[in-house]
Amino acid sequence: FLEKQRPITITFDELAEAYLSYARDQQQKRSWTRDRTSIVSVGAYFGGKRLIEITPASIEHYRA
């Protein structure tokens, strides 16, 4: 009766790539460039991590 939930396996890098593809198609060039720069910066810290591993505490640690 209960559906099994699939584990979240998408990584930050996969989400970032999908977002940048979407943003490039939907936004102005200037905005896309700014988004890309921001994602590269954040990706240096969170790159390779699964989204489920990125917690509010790890985001606060990154911000500090």
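**Aromatic pairs**

I looked up Tyr45 and Phe46, which form an edge-to-face pair with centres 4.8 Å apart and 85 degrees between the planes.

I then checked accessibility, where buried means under 20% relative accessible area, exposed over 50%, and partly exposed in between (1.4 Å probe, protein chains only). Phe46 is buried at 3%, whereas Tyr45 is partly exposed at 30%.

Phe46 also pairs with Tyr62; this pair is tilted, at 5.6 Å centre to centre and 50 degrees between the planes. I noted that Phe46 belongs to helix H2 (residues 29–46) and Tyr62 to helix H3 (residues 56–63), so the pair ties together parts 16 residues apart in sequence. Helices here are DSSP runs of H or I with at least four residues, numbered from the N terminus. Tyr62 is partly exposed, with a relative accessible area of 30%.

I recorded one aromatic cluster formed by Phe12, Tyr45, Phe46 and Tyr62.

**Confidence**

I looked up pLDDT, the predictor's confidence in each residue, from 0 to 100. The protein averages 87, and 92% of the residues score at least 70. Among its elements, H2 has the lowest mean pLDDT (87) and H3 the highest (95).

**Conventions**

Residues are numbered from 1 along each chain as its sequence is written, and side-chain values use heavy atoms, with hydrogens and water left out. As the model is predicted, local features need pLDDT of at least 70 and side-chain atom pairs count only at pLDDT 80 or more, while totals for chains, interfaces and linings use all residues.

Definitions and conventions:
Rings of Phe, Tyr and Trp (its six-membered ring) pair if their centres lie within 6.5 Å; planes under 30 degrees apart count as stacked, over 60 as edge-to-face and the rest as tilted. Helices (H or I, at least four residues) and strands (E, at least two) are DSSP runs, numbered from the N terminus.
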